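Me: Hi! Could you walk me through this structure, one piece at a time?

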Amino acid sequence: MNKLSLFGLLGLVIRRDLLLAMRRRADVLTTLVFFVMVVSLFPLGVGPEPDMLRKMAAGVLWVAALLASMLSLPRMFSADYLDGTLEQMMLAPQSLTMMVLGKIIAHWMLSGLPLVLIAPVLGLQFDMSVQALWVLMLALLLGTPVLSMIGAIGAALTLGLRGGGVLVSLLVLPLCIPVLIFGAGAVEAVNSGMDAISNLSLLGAFLLFALVFTPFVAAQALKISME
Amino acid sequence: MRLAINWFKYSAPTTFYGLAGKLIPFFAWPAAILFAVGLYIGFFVAPTDAVQSEAYRIMFIHVPASILSMFIYLIMAGYAALGLIFKTRLSSMMASALAPTGALFAFISLWTGALWGKPMWGAWWVWDARLTSELILLFLYLGFIALQASIEDPRRADRASALLAIVGSVNVPIIYYSVQWWNTLHQGSSIKFSGTSMHVAMQQSMFTILVACWLYVIAVVLARVRSIILERESNTQWVKDLAETK
């Protein structure tokens, strides 16, 4: 067997997870449908006045994205845990951190990226301006990977526990608050005529910070859960 | 002459159990006395505030509770990290003993804050930076307790919650500043390093109660860690030999 480079390994893990997900498309679609439904329920709950909807659009979309990403978190490691693949991954001589990063990226491509792409359509339902829609998409593009990364730690810690789905939300949601604040803040800034660059820069900083630390921490969490 | 001290003698649950039992009264009684003194000064000696009239007196409890709720999280994370890195069982037990007390202080801080906010701001709750971050701190405590409670194997529970506490303590400053930039209404802190704007009796009351709270925390945590030791070591011979378990 020839030696794998780190990025070769990363690509392999991502490709495998995407392939597995494509064999069971329903799982991927559930997250997306959940996101669309939650967002569409808000106008029914608070009333159809365009002024109010425009004001709350960013917050609603962000909270819904947060919840949708929580919904798909337990799936990140559980299938591999149940069929023993995870154990083999941990025994492998390759870096577990890199494999975890691969799984995080695959998880984001399946649960985060579709939300980013569909968000503008939902934003139109809330009468958002074109400029606000662009900023919303950019903010979601920077923020949703952070949600997957922080979520990976929670998913790894609660692996195989009873009621893990609710527990993981309880652990992860408070840690995601900064992303929510600056993600919704970016759109808010555009709406009030200011520049969104400071909010977006902070989101970018979170992304880099999380990219460096969370795969390692999640790998440690997996080791704790598997021993 | 070399004095041989075994620094780690009391890091074993077996020996610490007895020591903790002996120490509790030395913290519990001063705590009770200082609470009484502090409350007396707060209610009868400290003058009525010019702006906030009598309602300000709730801060004699509110401020120490808020300070402790934050300190306890750091201490808890510290113990949890020690337990994770050096695999010292007692450190992990201390971390789990601290969590409920920390959550209690966070709750007291929010509750008394609401009682103070109603007459001052005209609302029980406002989405101000400090209130919000205190609420998030309470959520972090609850997450720690919930994770520990849902894992049956105590070793895995200790290690998993330790990792969570460390991640949480890295996140606390980020959460704090993001909430602060988001919205600020809370009054600035009145105690500054360059002199204070407070009356002497008010300071005395607040600091007395702060010290009393510290002593209370130590006493309660020692008592709780004794129970945890008994629970975890219940199948060992030394626990069966104890007078109180017979």
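**What covers helix H9 of chain A**

Reply: Happy to! The buried residues of H9(A) are covered by, among others, helix H3 (50-72) and H8 of chain A together with H4 and H5 of chain B. Helices (H or I, at least four residues) and strands (E, at least two) are DSSP runs, numbered from the N terminus.

Me: Which residues of H9(A) are buried?
Reply: They are A:Leu167, A:Val168, A:Ser169, A:Leu170, A:Leu171 and A:Val172. A residue is buried if 20 or more other C-beta atoms lie within 10 Å of its own, exposed if 12 or fewer, and partly exposed in between, with C-beta atoms placed from the backbone.

Me: Where does this model come from, and how are things labelled?
Reply: This is a predicted model, in which local features need pLDDT of at least 70, side-chain atom pairs count only at pLDDT 80 or more, and totals for chains, interfaces and linings use all residues. Residues are numbered from 1 along each chain as its sequence is written, while chains are lettered from A and ligands numbered from 1 in the order in which they are written.

Me: What is the mean pLDDT of chain B?
Reply: It is 84, and 91% of the residues of chain B reach 70 or more. Chain A averages 90, with 99% of the residues scoring at least 70. pLDDT is the predictor's confidence in each residue, from 0 to 100. The model also scores ipTM 0.87 and pTM 0.87.

Me: Which element of chain A has the lowest mean pLDDT?
Reply: That is helix H9 (residues 164-172), at 87, whereas H8(A) has the highest, at 94. As a reading tip, where pLDDT is low, the predicted coordinates should not be read in detail.

Me: On to the two chains. How many residues of chain B are in contact with chain A?
Reply: 21 residues of chain B are in contact with 19 residues of chain A. Two residues are in contact if their C-beta atoms, placed from the backbone, lie within 7 Å.

Me: Which helices of chain B supply that side?
Reply: Helix H4 (129-150) and helix H5 (154-182) of chain B each supply at least two residues of it. The largest share of the side touching chain A comes from H5(B), with 12 residues. By class, the side of chain B that touches chain A has 15 nonpolar, 4 polar and 2 charged residues. Here Ala, Val, Leu, Ile, Met, Phe, Trp, Tyr, Cys and Pro count as nonpolar, Asp, Glu, Lys and Arg as charged, and the others, Gly among them, as polar.

Me: And what is chain B built from?
Reply: Chain B has 7 helices and 0 strands. Its C-alpha trace spans about 65 × 45 × 40 Å along its principal axes. Of the 246 residues of chain B, 37% count as buried.

Me: Back to chain A. At what angle do H6(A) and H11(A) cross?
Reply: The axes of helix H6 (residues 96-111) and helix H11 (residues 197-226) of chain A cross at roughly 105° and come within 8 Å. That makes H6(A) roughly perpendicular to H11(A). Axes are lines fitted to C-alpha atoms, for helices over the stretch in contact, and angles run from 0 to 180 degrees between N-to-C directions. Angles under 35 degrees count as roughly parallel, over 145 as roughly antiparallel, 65 to 115 as roughly perpendicular and the rest as oblique.

Me: Who makes that contact?
Reply: On H6(A) you'll find A:Leu96, A:Thr97, A:Val100, A:Leu101 and A:Ile104, and on H11(A) A:Pro215, A:Phe216, A:Ala218, A:Ala219 and A:Leu222. The contact of H6(A) with H11(A) has 9 nonpolar, 1 polar and no charged residues.

Me: Are H2(A) and H7(A) roughly parallel or roughly perpendicular?
Reply: H2(A) and H7(A) are roughly parallel to each other. The axes of helix H2 (residues 25-46) and helix H7 (residues 113-125) of chain A cross at roughly 20° and come within 11 Å. In this pair, A:Leu32, A:Phe35, A:Val36, A:Val39 and A:Ser40 of H2(A) meet A:Pro114, A:Leu115, A:Ile118, A:Leu122 and A:Gln125 of H7(A).
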